Amino acid sequence: MIAAILRWLDERLHLDDLIAPFRHKTVPVHRLTYWYFFGGITLFLFGVQVVTGILLLLYYHAGANDAFESVQYIMTKVRYGWLIRSIHSWSANLMILTAFAHMFSVLFLKAYRKPRELTWISGMLLLFLVMGFGFSGYLLPWNTLAFFATKVGTAMVGQVPIIGQPMMIFLRGGPQVTGATLIRFFGFHVAVLPGLVVVLISIHLFLVQRLGMSVPPKIEAEWAENPSVKREMKFFPNFMLREMMAWYVTVGVLGALAAIFPWNLGVKADPFGSAPAGIKPEWYFLFMYQTLKIIPSKVWFVEGEVLGIVGCGLAGLLWLLLPFFDSEPPSRPKRWITGLAIFALMYVAGMSAYGFLAK
Amino acid sequence: MNGDQNTPPGSTRRRAIEYFLGGGILATFASFLYPVLRYVVPPPVADLGVNEVVAGKVGDLKPNSGAIFRFGSSPGLLILTSDGSYQALSATCTHLGCTVQYRGDLHQVWCPCHNGIYGIDGRNISGPPPKPLTAYDVHLRGDEIVVTLKREA
C-alpha cells in the first residue's frame with residue numbers, strides 16, 4: 001500500500017533524484033564522531049519548540065491583563081497544560097545548551113575554517129536568534145522575574161552609544177516596560193524570530209549538505225599517514241538512525257525533566273512593585289550579567305556599563321568573524337585561536353558559576 | 001548493522017525484534033499523542049446552570065420592539081408587543097446559529113443571515129429555520145422583567 005503510493009509519487013516527482021545527495025553523503029567515523037550529533041539534537045529540540053509553542057498558542061493571551069492568568073489557566077485547568085508548558089520551557093533551555101555545545105565542538109574541531117566560514121556565520125546568527133527566543137519568550141508569562149529581567153535586559157541595550165536609546169524604545173514599545181512590550185515580544189517570539197530562524201536553518205543545512213562533514217585536522221593527519229584506518233558511514237540510513245536514537249534519548253531526558261521538575265509560574269508582575277531580592281537572568285545570560293556586575297562604575301573616563309556592553313558586542317562580533325582570523329587548510333590552525341576558544345569556554349563557564357553563586 | 005548470517009530477514013527471531021522495536025516506537029508516539037489530544041480539547045466551561053435572569057426593567061422597551069439580553073452564555077430576545085405583553089425567546093436561530101432580531105415593521109422575528117422568519121411566539125414561519133425558537137416564561141417582579149426557563153411539562 002505505502003509502496004504503491006511512493007511509486008505513484010516517484011513516477012511524477014522523481015523523488016529519487018531529490019534524495020540522491022543524501023544517499024551519497026557520508027559521515028566520517030572517528031573517536032570524536034559523537035560531536036556531530038549536537039547540531040541534529042538542537043534541530044530536533046527546535047521542532048519540539050515549534051509543536052509545543054503552537055499548542056500553547058491555543059490558550060495563551062498576550063496582554064498585561066490576561067497573560068499571567070492565561071498561563072495559569074493552561075497550567076491548572078487545561079488537561080496536560082502543565083506538561084506542554086513545562087516541555088516548552090525545558091526544551092528551550094536544553095536547546096540553548098546543545099546549541100552552545102555544538103558551537104564549541106565546531107570551534108575545537110576546527111570545522112569553521114575554509115570553506116565553511118558561511119556555515120559558521122549562519123550558525124552563530126542562529127545562536128543569537130535562539131538567545132533572542134529565550135529573552136522574548138521569558139517575558140510572555142508576565143511574572144515578576146520576567147518583568148524585571150526584561151527591564152534590565154532592555155536597559156542594557158539602551159546603554160549602547162548613539163543607537164542604544166532608539167533601540168530600547170523600539171524593543172519596549174515606549175520608554176518603559178509595559179503591556180506594549182509584552183505585545184511586541186509576543187510578536188517577535190511567534191512571528192519574526194521563527195521566520196528568520198527557518199530561513200537561516202535552511203541556509204545552514206544547505207551549507208552542511210553542500211560542503212560535507214568536516215574532519216578534525218589531527219584525525220585528517222592520522223588518516224593521511226595511515227589510510228587504512230580511515231572510516232566512513234553512510235549518512236542515510238546509518239547516521240540518520242543513530243541520530244534518531246540520540247533524539248529518542250533526548251525525548252526521554254526532556255520528558256523526565258518536564259515531569260519531575262515542572263516549570264514554575266511565579267508571581268504576577270506588578271510594574272509598580274519593587275524588584276525582588278536575588279533577581280538574576282536566565283543561566284545563559286549569566287556570564288554577561290556577571291561581567292557587567294564586576295566592571296567598576298567608571299573605568300578611566302568611560303562609564304562601566306557602556307564599556308561592558310560595547311565590550312560584549314565587540315566580543316560577539318569577533319566570534320562571528322572568527323573563521324577569517326584563522327589560517328586556511330591544509331596549513332595548521334592558528335594556536336592562539338585554540339587558546340582563545342579554551343579561554344572563552346572557561347570564561348563563560350566560570351562567570352556563569354560565579355553569577356550563580358554570587359549574592 | 002551488518003546482516004547477521006544467523007538471523008536472515010524473515011526469520012522468527014528477527015521478526016520478534018522488529019515487533020518489539022516497532023511496538024516500542026508506536027507506544028512512544030501514542031504517549032506523545034494522548035496528552036496532546038487531551039490538551040487540544042478545551043476544558044469544559046463552568047456552566048452556572050442559569051435558569052433565571054433579569055432581562056431588563058419595565059419601561060426600557062417601547063411597544064412593538066425587542067432587545068437582546070444575556071441568558072447564561074447565550075443571547076435571548078425580549079419583545080414588548082404592540083398590545084403591551086412581554087415575550088421572551090432564545091435569540092439563537094435554529095438554522096445556523098445567527099442571532100435573530102425583532103422587526104417592528106413585520107411584527108415578526110427575523111434572522112438576517114438567511115432571511116428566516118419566526119412569529120412572536122417563536123414558531124418558524126418561513127425561510128430555512130427547521131425548528132421554532134425556544135420560548136421562555138416572563139414575569140414581573142417589581143419593575144424587573146424576569147425570564148425563566150419553561151418547566152418541562
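Biologist: What makes the four strands S5-S6-S7-S8 of chain B a sheet, and is the pairing parallel or antiparallel?

Modeller: The order S5-S6-S7-S8 forms an open sheet with antiparallel pairing. Two strands pair if DSSP finds at least two bridges between them, and a strand is a DSSP run of E with at least two residues, numbered from the N terminus. This is a predicted model, in which local features need pLDDT of at least 70, side-chain atom pairs count only at pLDDT 80 or more, and totals for chains, interfaces and linings use all residues. Residues are numbered from 1 along each chain as its sequence is written, with chains lettered from A and ligands numbered from 1 in the order in which they are written.

Biologist: Why are S5 and S8 of chain B called edge strands?

Modeller: Strand S5 (101-103) and strand S8 (124-126) of chain B each pair on one side only.

Biologist: How do you know that S6 and S7 of chain B pair?

Modeller: Strand S6 (residues 108-111) and strand S7 (residues 116-118) of chain B share three bridges in the antiparallel sense, and the criterion is at least two, so the two strands pair. B:Cys111 stands opposite B:Gly116 in S7(B).

Biologist: What makes a residue part of the contact between the chains, and how many does each chain give?

Modeller: Two residues are in contact if their C-beta atoms, placed from the backbone, lie within 7 Å. Nine residues of chain A and six residues of chain B take part.

Biologist: Which helix of chain A gives the most to the side that touches chain B?

Modeller: Helix H5 (residues 81-108) of chain A does, with three residues; a helix is a DSSP run of H or I with at least four residues.
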